[in-house]
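Dear colleague,

Please find the structure below, together with its sequence.

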Amino acid sequence: MNASGPLLRWETQLLDAFELTGSGSHQPCPATLACAATWLTQGVPIVIPTETVYGLAAPALDREAVRAIFRIKQRPLDNPLIVHVTGSAQLESVGAQLSPLAAQLAQAFWPGPLTLVVASQASLPWVTAGLDSIAVRHPAHEFASALIRRVGPLAAPSANLSGLPSPTRALHAAHDLRGRVPLVVDAGDLEHGVESTVIDARGDTPILLRPGAVTAEELEACCGQKVRMPVVGSVARSPGMRYRHYSPRAEVWLYPPGASSAPRFSDDARQLRASGRRVAAIANCRVEVDHFIPLPADTRELGRRLFGWLRELDELGVDHILVEGVSGLGVGRAIMDRLERAASRIHSSEPDGAALRGSTL
Ligand code: TXA
Ligand code: MG
């Protein structure tokens with residue numbers, strides 16, 4: 001179910017987040033900050049950059065403004081939002097109660113791309129979808145934090161239409177939300193390109209609800225214990241993980257990493273093209289396709305680029321995107337999670353390469 005109510009139409013303006021100072025460094029642009037703050041204090045959601053992906057932000061304490069977020073991005077109402085804060089006074093204002101584990105993780109990773117699900121003492125059902133927990137994070141992005149310091153805690157999901165890949169460029173957000181928001185703040189390409197890691201930190205052990213830019217290995221090194229996976233079907237599981245996500249229009253087929261995938265990969269590409277489909281590949285193994293993107297050796301670089309490539313290949317009108325996966329270590333775990341959600345067909349690494357999901361050709 002999506003929120004009902006009017007969907008206002010706007011002339012969407014793109015403004016730069018940063019300006020150059022006399023000394024050649026950059027700082028949040030005062031005019032853009034003022035404009036963003038004005039819309040937000042009037043209860044109108046806008047698109048802002050963070051260090052992970054662009055977010056569709058509204059003041060967390062403003063119920064109507066937050067409801068408008070759900071309408072604008074056509075988000076199911078049972079999928080709660082992350083509240084972005086810049087300090088302990090703001091955490092208190094949204095009723096977030098940090099457990100000792102949450103405090104330890106916040107100390108180590110904030111500001112940064114880590115979201116903590118903690119107990120909540122406030123009643124903000126429009127943000128939490130009625131759960132008794134709340135997801136909070138202190139973003140490291142200079143424009144986002146300057147804005148939050150000025151206007152208070154901001155609820156912000158990724159600034160895409162529900163189900164599409166998260167925006168890593170202002171133009172991606174504008175593509176999805178043009179006419180639905182008055183302002184998109186443009187900070188260029190973002191540092192991570194994958195969303196924050198979501199950890200349930202209510203107990204003594206961290207539970208990984210969504211892999212993201214902070215890796216499980218980094219979290220384990222910090223708290224000296226293994227990160228646990230949520231029990232499938234448990235209430236602890238992040239509601240957002242129930243939905244199919246990150247899907248471009250083109251069909252994504254996912255292959256195991258490594259040279260052993262090459263023959264199947266090339267066969268599929270050949271057969272698809274022979275049947276008249278336009279095919280793209282993101283892979284190490286060089287295959288004959290309409291658009292070939294070499295897989296970057298650096299997984300963080302892949303994280304920064306992946307969502308943008310999925311969108312750009314859609315723009316080029318390809319029918320299929322064949323992707324060679326990466327190892328599930330480090331940020332590779334988040335990348336594989338997103339690819340598995342986007343894929344209509346996933347090949348196993350078994351010798352016969354059977355499809356784990358989806359039909360065969
Ligand atoms: O990097 C990010 O996290 C970006 C930027 C804008 O901060 N935001 C983002 O928000 O990815 P969104 O709404 O696309 O994803 C938030 C995730 C969803 O999977 C949601 O279900 C989960 O966090 N979540 C929010 N509140 C929760 C809660 N109380 N308990 C469990 N999961 C929660
Ligand atoms: Mg999202």
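Which residues of α11 are buried? They are Gly-332, Ala-334, Ile-335, Met-336, Asp-337, Arg-338, Leu-339, Arg-341 and Ala-342, where buried means under 20% relative accessible area, exposed over 50%, and partly exposed in between (1.4 Å probe, protein chains only). Helix α11 (residues 332–342) is thus mostly covered, with 9 of its 11 residues buried. Its cover includes β13 (207–210), β14 (251–255), α10 (299–315), β17 (320–324) and β18 (343–347). Helices (H or I, at least four residues) and strands (E, at least two) are DSSP runs, numbered from the N terminus.

As to conventions, this is a predicted model, in which local features need pLDDT of at least 70 and side-chain atom pairs count only at pLDDT 80 or more, while totals for chains, interfaces and linings use all residues. Residues are numbered from 1 along each chain as its sequence is written, chains are lettered from A and ligands numbered from 1 in the order in which they are written, and side-chain values use heavy atoms, leaving out hydrogens and water.

Beyond its neighbours within four places in sequence, Leu-147 is in contact (heavy atoms within 4.5 Å) with Leu-33, Ala-36, Ala-37, Leu-40, Ile-48, Gly-152 and Leu-154.

Helix α1 (residues 30–41) and α6 cross at roughly 50°, their axes coming within 10 Å; axes are lines fitted to C-alpha atoms, for helices over the stretch in contact, and angles run from 0 to 180 degrees between N-to-C directions. Thr-32, Leu-33, Ala-34, Ala-36, Ala-37, Leu-40 and Thr-41 of α1 meet Phe-143, Ala-146, Leu-147, Arg-150 and Val-151 of α6 in this contact.

Helix α4 (residues 100–109) packs against helix α8 (residues 216–223) at an angle of about 115°, with the axes 10 Å apart. Here the contact is made by Leu-101, Gln-104, Leu-105, Ala-108 and Phe-109 of α4 and by Glu-218, Leu-219, Cys-222 and Cys-223 of α8.

With kind regards
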